[in-house]
Structures are given as C-alpha cells and as structure tokens.
Amino acid sequence: MTYNSSSYTTGMDRTARSEEVCLKFPPKVISPGLAALLVQKDKLGKLMDYSGPRLHFQMVVIFVLTQIIHSLLKLLGLPLFISQILAGILMSPVIFSDEHSLVTISEDSVAVLGSVGALGFMFFMFLSGVKMDLRLTWKSGKLAIAIGLFPVLVSLIFWLMTVKTLHPGGNVFSNKIFHLAVTYSGTSFPVIHSLLSELKILNSELGRLGLSAALIGDMVTLVLTMFSIWVNTGIQKGSKDVLFDVGMAMLYVCILVFVLRPGMKWMVKRTPEAGQIKDTCFYIIILAFMISPRFTALFRVYFLYGPFIFGLAVPDGPPLGSALVEKLDPVVSGLFMPIFATTCGMRFDLSYFKYSTKYAYHQAVGAVVTLIIKFGVSLLLPLLCKMPTRDSFALAFIMISKGIVEIGSYSIMNDSRIISEDIFAHLTIVIIIVASVVPIAVKKLYDPSKKYLCFQKRTVMNSRFNQELRMIGCVHVPGNVNSIINLLNASCPTRECPISLDVLHLVKLSGQATPLFIAHHNQQKASSNKSYSDNVVVAFKQFERDNLGAVSVNFFTAVSPSNLMYEDTCNLAMDRLTSFIILPFHRRWYSDGSIESEDQTLRSLNFDILERAPCSVGILVEGRRNIKGSNSKDTLSPSNSSSYAIAVIFLGGEDDREALALAKRFSQDESVSLTVIHVKAVDSLEFFLAEDERMLDKEMLKDIKESVPLTYIEEHVKDGPETSTFLRSIVKDYQLIIVGRRYRSEDAITLGLEEWCEFREIGIIGDLLSSSDFFGNFSLLIVQQQRKRN
C-alpha cells in the first residue's frame with residue numbers, strides 16, 4: 001500500500017516536499033520460526049520482516065552499542081545519556097542507508113521501537129512526579145527560590161528579545177514558538193536529579209541547594225508551558241476557547257488533589273506499619289496512569305504533563321511511592337529509557353544541516369543566548385549571597401544542564417511537525433554539548449570531600465579531659481540502638497567527664513527524589529506525616545534521663561541514598577565539632593558462630609566514612625547472641641554486672657594510642673576495671689617499629705599508668721600465630737575489648753595474619769578477634785584516629 005504525505009518546516013521560510021511511503025498490510029508481528037525460514041534465501045532479511053524479532057534485535061544492538069560507547073566515554077566523565085544518544089546516531093541514516101534497515105529507523109520499525117520508547121518516556125514522567133515532594137517548595141530558602149525562578153524568567157525574556165531582533169516583523173507567540181522558547185529556558189528537575197546522582201553529590205550542600213532550585217524551576221516551567229499552549233490557543237481560536245481550556249485543566253488538577261490523592265492516602269492508611277502496599281492498590285494506580293493520557297486530552301492538558309501531574313498526586317515515600325519506584329524504576333530506567341533516548345538519536349541526521357533555513361540558525365542562536373543568560377543569572381545570584389566562587393560556578397552549570405526531558409520534548413515536537421528537522425538537528429547538537437560539558441565542569445569545580453580536610457585535631461586524645469566528649473552514634477536498624485546505649489553505659493559517663501551524643505538515624509531514600517535531613521531538636525512539629533525515628537528518639541531519651549547531667553543527646557534523621565550516607569555523617573561531624581563517630585559493624589552473629597544478619601551496603605558506608613571522616617572513628621562489633629532467636633540482653637547491659645571489664649589490646653601506633661585514650665575516658669568510674677594488654681615483639685624484631693612511634697607509645701603508656709588505675713599485662717611474641725594463641729587465651733575474661741585499626745601496619749606481631757584478614761575495615765587484630773575461633777560473649781570496638789590528609 002502506498003500513499004503520499006507532505007511534510008513542512010515551521011518558521012519564516014517554509015519548503016514543502018512530498019514523500020512516498022510503502023506500508024505492508026497486514027503487518028507481520030511474530031515470525032514462524034527459524035526452522036520455517038531455513039528453506040528461504042536471505043534468512044536474516046526474511047526474519048527481520050517481522051516486527052517481533054526486529055524489535056528484539058534492535059534492543060540487543062542498542063544495549064551493546066550503548067555499553068561499548070559508554071565504556072570509552074565514562075573515562076572522560078560523560079554521562080550514560082550521551083552514550084545512548086550517540087548509539088542512536090550510529091543507528092540512524094548517518095551511518096546506515098535506508099536499505100540496511102535492520103537496525104536503522106524506518107517507517108515500519110519506528111512504529112514498534114518508537115512506541116516502546118514513548119511508553120517508557122510516559123512512565124519516566126510519571127515516576128518523576130511520584131519522586132517529587134511539592135511540600136519542599138514551601139520550605140526552600142530564599143536563595144533556592146530565587147535561583148529556581150529568576151534564571152528561567154530572565155532567560156525567557158532575553159530569548160523573546162533575541163527572536164524579535166532577528167525577525168522584527170515576526171510574532172513570537174505564533175506557531176507555538178513561545179512553547180519552544182519555554183523548553184530553551186526551562187529547568188528540568190529529573191535531569192538535574194540524574195546529574196547530581198551520577199556525580200554523587202545529591203545530598204551535599206550544593207546538591208541540596210540545586211535540587212531545591214530545580215524543584216522551583218520545574219514548577220515555573222510547567223506553568224509557563226501550559227501558559228504557552230493557552231496563548232497559542234487564544235491566537236488560533238479565541239479567548240473563549242482559552243478560558244475553556246484553563247477551566248478544564250483546573251478541573252483535572254482538582255480531581256487529582258481532592259479525589260484521587262485522598263483515595264491513595266486512604267490506601268496508605270490501610271497498610272500496616274512497615275508493611276507493603278497491597279498488590280490490588282498497586283495495580284489500580286498503574287491502571288489509572290495508563291489511561292491518564294486519554295484524560296489529559298479530554299481535560300485540555302498537554303499530554304506529556306498528564307502522567308507527570310498524576311505522579312505528583314501520588315503520596316511520595318513509603319509505602320506507596322516507594323513501592324511504585326522500586327517495582328517500576330528498574331524496568332523504566334534500565335530498559336525503556338535507553339530505547340527512548342536511542343530513538344531520539346536515530347531522528348538526528350547531519351544532512352539536514354545542508355538544507356538549514358535561516359530561521360533554524362536563528363533558533364540555534366536563540367538557544368545559545370538563552371543558555372548564556374541563564375548561566376549568568378544562576379551565577380550572579382549565589383555570588384551576591386556570598387557563596388564561594390567555585391561553588392557558584394558549579395551551581396550555575398548545574399542549573400543549565402540539559403538531558404532526556406529536553407531532547408524528548410524536541411523529538412515529540414519534531415514528530416508533531418511543531419519544529420522542522422533542521423531545527424531538531426541544531427537543538428540536538430546543543431543538548432549533546434551541554435550534557436557533555438556540564439558534568440565535567442561540575443566535577444572539576446566542586447569536590448565536597450575537600451571540606452573534610454580540617455587542620456584542627458578532632459580526636460579523643462586531643463579532647464580536654466574535663467570537657468564533654470562530642471560523639472556521633474549512627475543507627476540503621478533497631479538493634480543498633482541497644483548496641484550504642486550498652487557501649488555508652490559501659491563507659492559510665494559522669495558529670496566530670498560528660499558525653500554529648502548526636503544520634504544520627506540513617507534511612508535509605510526510597511520513593512523520593514529529594515534527600516532529607518531532619519534536626520529533631522529544631523522542630524516544633526514533624527516536617528511530614530512520616531515518623532522515621534520515633535522509636536530511636538524514645539530509646540535515647542530514656543538513656544539521657546538515666547544519665548542526667550552526664551549525657552546530653554540530640555537527634556538527627558538523614559534520608560538519603562545508601563551510597564551517599566557518608567556525606568550526612570561527615571557533614572554532621574564537621575558542624576558539631578565531633579571527636580568520635582560510632583559505626584555499627586555490617587555483620588551480626590549468633591553464639592554458635594552462624595550469621596544473624598549482614599548488609600554489604602552498610603560495609604561500603606563504613607569504608608567511605610573511614611576514608612573521609614574529619615575525626616576519629618570507631619566500628620562497634622556486637623557480642624554474639626547467647627540463645628538463637630532469643631531477646632537475651634547484651635553483656636554490656638548494666639543489669640548483667642555491677643562492674644565492667646574493659647581491655648585494650650595495645651600493639652603500638654596512632655590508632656592504638658587513640659584506643660588507649662578512649663579507654664582512659666571510659667575508666668574514670670570505679671565500676672570500670674581496665675586492663676591494658678601490651679603485645680610486644682621480641683627484642684630482635686623491635687626494628688619493625690619506627691623510633692618516633694616507639695617514643696610516643698612509651699609516653700602514652702606512662703601517662704595512662706600514672707593517671708588511671710589499671711592492670712597492665714605485657715606479652716612478647718615472635719609472629720602472628722603466637723599473637724593469635726595468646727589473645728585467644730585471655731579475651732573471654734572481658735566484656736568490651738578496644739583495639740586500634742592499624743590498617744596497613746603489619747609488623748612482626750601480626751606477621752602471617754594479614755592474608756587471612758576477611759574484613760579490612762576493622763584491621764588485622766579486629767578481624768582476628770571477631771572470627772569464630774575466638775569464643776566469648778564480648779563486644780569489640782575498633783578505633784581509627786583522625787587521618788592526616790594533604
């Protein structure tokens with residue numbers, strides 16, 4: 001079947017052409033199989049006549065090409081989005097001619113591949129709305145509101161002035177050009193969120209400011225887009241139609257806010273606490289989303305924003321928002337969006353530059369001018385607020401970032417004949433350049449870890465003895481609460497040696513895009529209906545009352561991605577002038593040596609904090625449970641004994657000296673019995689230690705012996721196995737053992753043990769004591785002194 005169709009370019013100069021397209025009816029979907037095709041010639045070509053095998057083949061080619069390109073470009077710091085676009089360009093007629101249409105875009109293949117990609121983009125917009133929390137717009141600071149609002153408006157005004165200058169007689173509101181202008185100057189929250197996530201600065205100070213500004217900017221862009229559509233409608237049809245469209249759009253929003261959102265909240269209330277949303281509720285929401293494009297057409301809402309606005313109405317976070325994101329996001333981001341980005345690249349054709357109209361060049365100039373003005377305004381505002389120059393430049397680059405949302409919008413405009421192919425080609429080049437330059441520039445300008453390079457010593461050794469010791473206790477699961485409380489009870493805090501404890505509850509970000517950091521003591525009431533840390537607060541409040549005057553407790557909750565939680569911990573340590581951070585070990589055991597629980601993401605977090613912390617760090621390994629599955633109390637619990645037996649295993653070095661200083665703070669109470677076990681190499685092997693280290697060790701031991709009543713044990717060993725045998729014979733007599741991490745400090749005392757070390761984050765001796773070979777219900781604290789950094 002053949003038919004003629006005309007296509008045209010939108011602008012001041014229009015050229016018409018005719019195309020002859022051949023379509024086969026009925027369409028071939030499922031092939032009869034390879035066996036049936038073996039008897040035919042050109043077997044692969046015959047197989048590719050069927051849309052099903054062709055779609056599968058195209059998906060494989062997209063995946064392989066994207067991964068090959070990204071493996072090369074990621075060395076330059078370019079995002080995956082660029083690799084997907086370039087894969088599409090390679091699959092376009094730029095490389096393959098139309099007769100080699102196994103992988104290239106063609107009239108019949110785009111009907112399938114393009115539809116799959118478009119469906120993925122609709123899901124992406126829906127999930128972007130689900131992740132956004134509009135309540136944060138009211139809590140954004142003045143700077144975030146200004147950066148979100150003024151760059152969009154000012155750059156839009158300059159674009160209008162530029163177009164008016166280039167075309168004095170043109171109408172900037174005609175032919176939907178104003179709608180195109182909004183996409184130039186607008187801000188996309190999903191694009192900026194993706195950029196910050198890829199750069200791993202999502203919950204840094206700059207990342208939080210950028211997200212807040214992007215949230216404001218995205219809402220402004222949404223309003224301007226709807227306004228541009230209404231203006232175009234008014235020009236074409238009249239004011240009555242505009243009023244009707246506005247009224248229908250408002251009705252759509254009201255239905256979502258006052259009907260569907262309360263219904264979804266009712267579903268959430270019927271979900272048990274810490275339970276999963278029912279599958280029926282999940283399917284109802286997916287069904288509502290699938291039919292939302294039809295309702296957007298009915299209510300005169302721009303079809304791209306229909307699913308997005310519907311997603312905004314879904315309650316974010318657990319249980320509903322997180323369930324939608326956890327179930328849909330892997331498929332959307334891993335399968336559908338790469339296909340959509342690649343199909344956008346497949347629309348790109350360099351040949352259109354040969355026939356570019358003057359109007360297309362003017363549009364490209366307008367886009368560049370808009371970016372420059374937006375960058376300048378985004379740079380000026382933070383500079384006026386005394387933000388550091390490098391951070392201001394980084395923020396300005398973040399605010400002009402372009403990505404999948406913009407190129408998706410241009411692709412839809414191209415398909416709808418709102419813009420011509422040559423305009424689309426120019427804008428695609430602009431997006432590729434901006435999306436490539438921005439991440440490299442931001443990474444070069446902004447390094448959040450630099451602020452942890454403090455010159456001030458923040459260690460237990462350097463803390464004044466008669467002043468409070470500032471500590472942070474990190475909590476992930478309820479079991480961590482009892483572990484930290486039991487450790488602090490074992491330290492027997494007194495009014496003379498008080499402890500200031502900041503409890504940081506770390507919660508994985510799920511179903512939301514924006515990280516949260518809640519300081520509970522600064523809140524009159526909860527910032528939302530979510531009670532992330534109620535049980536944690538109650539437990540530590542009771543601990544504070546039990547140690548009135550000796551312990552002061554403050555509570556913080558950080559909701560952020562697991563791989564970025566170290567930012568919240570280190571930032572809090574910087575702000576609170578902390579000297580010591582307590583981290584829970586990632587593994588817990590039963591008394592028979594079997595593993596009770598294990599969390600590898602927690603282990604990665606511990607590594608990140610050990611590497612970046614601006615103070616000393618301790619990893620707490622809990623004692624083994626006496627009865628499997630029982631609720632028996634820890635040996636450090638005050639009810640178990642009227643005295644506490646604490647041992648410090650001292651081998652030498654800065655970490656061991658820090659462990660000894662901490663034990664000195666713990667042993668001020670009469671109920672604490674401190675034993676220092678000094679393991680030394682035999683005289684012939686003393687050369688393993690540097691002379692200055694030996695002098696510092698002797699001075700530290702001398703000071704401890706003079707100021708604290710203790711039991712001192714000295715043992716000479718010749719190698720690691722002898723050290724292991726000696727420690728195995730004595731550890732069962734103590735309830736808490738404190739050791740230094742001594743990472744990369746193998747000497748004669750530990751010779752031969754490093755190759756058996758399973759957990760490097762707790763050092764050779766810590767790993768040895770936590771192994772199943774060491775029987776005893778003791779807890780273990782591994783200490784690392786604040787690292788010196790250049």
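Guide: Two strands pair if DSSP finds at least two bridges between them. Strands here are DSSP E runs of at least two residues, helices are H or I runs of at least four, and both are numbered from the N terminus. This is a predicted model, where local features need pLDDT of at least 70, side-chain atom pairs count only at pLDDT 80 or more, and totals for chains, interfaces and linings use all residues. Residues are numbered from 1 along each chain as its sequence is written, and side-chain values use heavy atoms, with hydrogens and water left out.

Visitor: What makes β3 and β4 a pair?

Guide: Strand β3 (residues 469-475) and strand β4 (residues 499-508) share seven bridges. The definition asks for at least two, so they pair. The sense is parallel. Within this pairing, M471 stands opposite L501 in β4.

Visitor: Which strands form the open sheet, and in what order?

Guide: Eleven strands, in the order β5-β6-β4-β3-β7-β10-β15-β14-β11-β12-β13, with mixed pairing. β5 (516-519) and β13 (711-717) stand at the edges. Each has a single partner strand, so one side of each lacks a neighbour in the sheet. Neighbouring strands are turned by 20° against each other on average, direction ignored; the angle is taken between lines fitted to C-alpha atoms.

Visitor: Why is V257 called partly exposed?

Guide: Its relative accessibility is 39%. Buried means under 20%, exposed over 50%, and partly exposed lies in between (1.4 Å probe, protein chains only). So V257 counts as partly exposed. C254, at 36%, also counts as partly exposed.

Visitor: Where does V257 lie?

Guide: In helix α11 (residues 239-269).

Visitor: Is F282 buried or exposed?

Guide: F282 has a relative accessible area of 7%, so it is buried. F282 sits in helix α12 (residues 279-298). F282 and L320 are 38 residues apart in sequence, yet 7.8 Å apart in space, C-alpha to C-alpha.

Visitor: What makes helix α8 largely enclosed?

Guide: Nine of the nine residues of α8 (residues 177-185) are buried, so the rest of the structure largely encloses it. Among them are F178, H179 and Y184.

Notes:
Axes are lines fitted to C-alpha atoms, for helices over the stretch in contact, and angles run from 0 to 180 degrees between N-to-C directions.
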